[in-house]
Amino acid sequence: MASGQLFSRTTQALFYNYKQLPIQRMLDFDFLCGRETPSVAGIINPGAEGFQKLFFGQEEIAIPVHSTIEDACAAHPTADVFINFASYRSAAASSKTALKQPTIRVVAIIAEGVPELDTKELIAYARANNKVVIGPATVGGIQAGAFKIGDTAGTLDNIIQCKLYRPGCVGFVSKSGGMSNELYNTVARVTDGIYEGIAIGGDVFPGSTLSDHVLRFNNIPQVKMIVVLGELGGRDEYSLVEALKQGKINKPVVAWVSGTCARLFKSEVQFGHAGAKSGGEMESAQAKNQALREAGAVVPTSYEAFETSIKETFDNLAAEGKITPVKEVKPPQIPEDLSTAIKSGKVRAPTHIISTISDDRGEEPCYAGVPMSSIIEQGLGVGDVISLLWFKRSLPRYCTQFIEICVMLCADHGPCVSGAHNTIVTARAGKDLVSCLVSGLLTIGPRFGGAVDDAARYFKDAYDRNLTPYEFVESMKKKGIRVPGIGHRIKRGDNRDKRVELLQLFARTHFPSTKYMEYAVQVETYTLSKANNLVLNVDGAIGSLFLDLLAGSGMFTKPEIDEIVEIGYLNGLFVLARSIGLIGHTFDQKRLKQPLYRHPWEDVLYTK
C-alpha cells in the first residue's frame with residue numbers, strides 16, 4: 001500500500017467503459033477547483049475509437065477514446081489512475097490488465113458483486129507490485145480541490161455545500177459511498193472540511209482497508225485529524241485498533257462503526273453491503289466500537305453524537321494551534337447544460353427545426369398525433385400513413401385507398417424509362433442500394449414524372465377559370481406548351497390505358513365528385529379529334545383525380561388545395577411509388593450478377 005498522498009491537482013485518469021455523466025462530473029469538479037488540465041486524459045471503450053465531446057467549464061473539449069487498455073496507457077503515460085466502470089462480469093479482468101500496465105498506480109473498481117476469488121487475486125497482485133485498489137463496490141474517492149473519482153460526492157450543489165472545491169484538514173475513510181456524502185457534509189459543517197476522502201467499498205474483501213488509508217493519512221502533513229466510519233461485519237476495524245495500540249497513528253482519530261441496531265433484531269441482519277453482515281460477537285458494531293475506544297480513538301456513544309465528537313476534536317486542535325483553518329474561497333460558476341437550464345425554466349432557447357407531422361418523444365412515435373400502436377391496431381394501411389404524414393389528418397378510407405392504388409400503378413414502368421435505366425446502370429457498376437435508387441430518382445422532373453404535378457396545375461387552372469376544352473387546348477398551343485397528362489407513345493383512342501380506366505372506375509364508384517376528372521375527359525375528347533394518340537394518360541388521370549380527392553373530401557380549404565398542388569405533393573406520390581420499382585430493378589440486377597454496363601457503339605451516332 002502506498003504510504004502517502006494518492007492524488008494531486010495534476011493527477012489524470014483513464015476512464016474504462018464510457019459513462020457520460022460521471023465523466024462530466026469529474027470535469028466540472030476540475031473546473032470548480034481551478035485545475036488547468038482536465039483530470040480525464042482518455043476513455044477506454046472496447047471496440048470503439050475516436051473522441052467524445054464533453055465540457056470543461058464553458059469550453060467544449062474532445063477526449064480521446066481508445067479500444068484497448070494498452071493503447072490508452074501508451075497514449076497517456078502520465079495518467080496513473082484507472083477508473084473502472086465495467087460490469088461485475090468483466091471488472092476483474094479489465095482491472096488486472098490495468099494493474100499490469102507500468103503507468104497505472106491506482107485502480108478504482110465501481111462494480112458490485114465481483115467474485116471474491118478474483119478480488120483476492122487483484123489485492124495480492126496490487127500489494128506485491130506496490131499499487132492501490134479502491135473497491136470493488138466503491139463510489140471512489142476525492143482529494144478536495146484536486147481530483148475526484150467518478151460520481152464521488154454526488155452533484156455539484158453537494159460538492160459546493162461540502163466545500164470540497166478546496167482542501168480542508170480532515171482525512172476521511174468509510175466503507176459506504178452513500179454515507180461518505182453524508183459525512184462530507186457533516187465534516188464541512190463543524191471543521192474546515194475534507195482533505196481527502198475514500199470509500200473503500202462494501203464487498204467482503206475490499207482492495208484496500210480502512211487502516212491502509214488511515215496509515216496513509218497519518219503520513220500526509222496537510223491531514224491534521226482522521227475520521228473513520230466503519231460498519232458491522234468483517235474484522236477490518238481491528239487492524240486499525242492494532243495500529244492505534246502500536247502507536248503507528250499519532251493524529252486524532254474519530255471513529256464510529258454503524259450497525260449497533262442489529263442487536264434489536266431476533267434474526268441475523270445484513271445491511272446493504274455484502275460485507276455488512278455480522279458473523280459473531282467480534283464482528284458486531286458494539287464490539288468494534290468498544291475496541292476502537294479502548295485503543296485510543298474518539299468514539300461517540302451513538303451516530304447522532306458523531307458530529308459533536310468531530311467538532312470537539314477539531315476545536316481542540318485549533319485551540320492548541322495545531323490547525324490553522326483554511327480561508328474560504330468562492331468557487332467559479334459552472335455553466336449549466338442547456339437541456340437542464342431549459343427544463344428548470346432558467347433560459348429560453350430558440351429551436352432550429354419545426355416538426356408538425358410526427359413526434360417520437362413519448363412512449364411511442366406518433367404520426368400527426370396518432371400513436372403508432374393505434375395505427376396498427378386499427379389495421380390502417382400505407383395510404384393512411386401517407387395521409388397523416390403528408391396531409392396531417394386522417395382522410396376517408398376511399399381517399400387512402402386511391403393513394404394506395406396510385407402507388408401500385410406507378411411503382412414501375414419497365415426497364416427502359418430514364419429512372420429505371422439509370423438505376424440499372426448504377427447497379428451494374430457495383431454501387432450500393434441507396435446510390436442506385438438516388439441515381440434513378442434524380443431523373444424525375446418535367447419530362448419524367450413531373451407531368452402529374454403539371455397536369456393537376458393546368459387542369460385546375462382551366463376548370464376554375466371556366467375555360468372550354470377548346471379554349472384551354474388552343475391557349476396552351478399558343479404558348480407552345482403541350483398539355484400535361486395528354487398523349488401516349490403507345491396508347492390510342494381505340495386502345496386506352498388500362499390504368500386510366502381502373503382509376504376512373506374507382507373514382508366514379510367512390511368519389512363524391514369527379515368534376516376535374518370529367519373536365520380532363522372532355523379535354524381528351526377534343527384532343528383525340530386532332531390525333532388518335534392524344535389520349536388522357538395515367539399522369540393526367542392521377543393529376544385530375546387528386547384534385548377531386550382534395551376538393552370532394554370536404555377536408556381542405558381552397559388555399560390549402562392550391563398550396564398542396566403548388567408544393568408538389570403529386571410529384572411526391574410519383575417519387576414514392578417509383579422508388580419501389582427502382583429498388584426492385586437494383587435487386588434484380590444484383591441477383592442476376594450483371595456486369596458493368598457499356599452502351600453499344602452501334603447505338604450511337606458519331607458526327608463531326
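Before looking at volumes, I noted that a cavity is a set of grid points where a 1.4 Å probe fits but cannot get out, and that its volume is the space filled by probe spheres set on those points. I also kept in mind that this is a predicted model.

Entry one, cavities. I searched the whole structure and found 2 cavities of 30 Å³ or more. H23 supplies the largest share, with 4 residues. I listed the lining as Cys406, Val407, Cys410, Val452, Ile542, Leu570, Leu573, Phe574 and Ala577. What kinds of residue are these? I sorted the lining into 9 nonpolar, no polar and no charged.

My count came to 19 aromatic pairs. I picked out Phe448 and Phe574, whose ring centres are 5.5 Å apart with planes at 90 degrees, so this pair is edge-to-face. Phe448 sits in the loop between helix H16 (433-441) and helix H17 (450-464) and Phe574 in helix H23, so the pair ties together parts 126 residues apart in sequence. Both Phe448 and Phe574 are buried.

I then checked Tyr463 and Tyr519, an edge-to-face pair at 5.8 Å centre to centre and 75 degrees between the planes. Tyr463 is in helix H17 and Tyr519 in helix H20 (residues 515-528), 56 residues apart. Are they buried or exposed? Tyr463 counts as partly exposed at 27% relative accessibility, while Tyr519, at 6%, counts as buried.

Last, I noted a cluster in which ring pairs link Trp390, Phe391, Phe546, Phe556 and Tyr569.

How values were computed:
Residues are numbered from 1 along each chain as its sequence is written. This is a predicted model: local features need pLDDT of at least 70, side-chain atom pairs count only at pLDDT 80 or more; totals for chains, interfaces and linings use all residues. Side-chain values use heavy atoms; hydrogens and water are left out. On a 1 Å grid over the protein atoms alone, a cavity is a set of points where a 1.4 Å probe fits but cannot get out, and a pocket is an open set with protein on both sides within 12 Å along at least five of seven lines; lining residues have an atom within 4 Å of a point. Helices (H or I, at least four residues) and strands (E, at least two) are DSSP runs, numbered from the N terminus. Ala, Val, Leu, Ile, Met, Phe, Trp, Tyr, Cys and Pro count as nonpolar, Asp, Glu, Lys and Arg as charged, and the others, Gly among them, as polar. Rings of Phe, Tyr and Trp (its six-membered ring) pair if their centres lie within 6.5 Å; planes under 30 degrees apart count as stacked, over 60 as edge-to-face and the rest as tilted. Buried means under 20% relative accessible area, exposed over 50%, partly exposed in between (1.4 Å probe, protein chains only).
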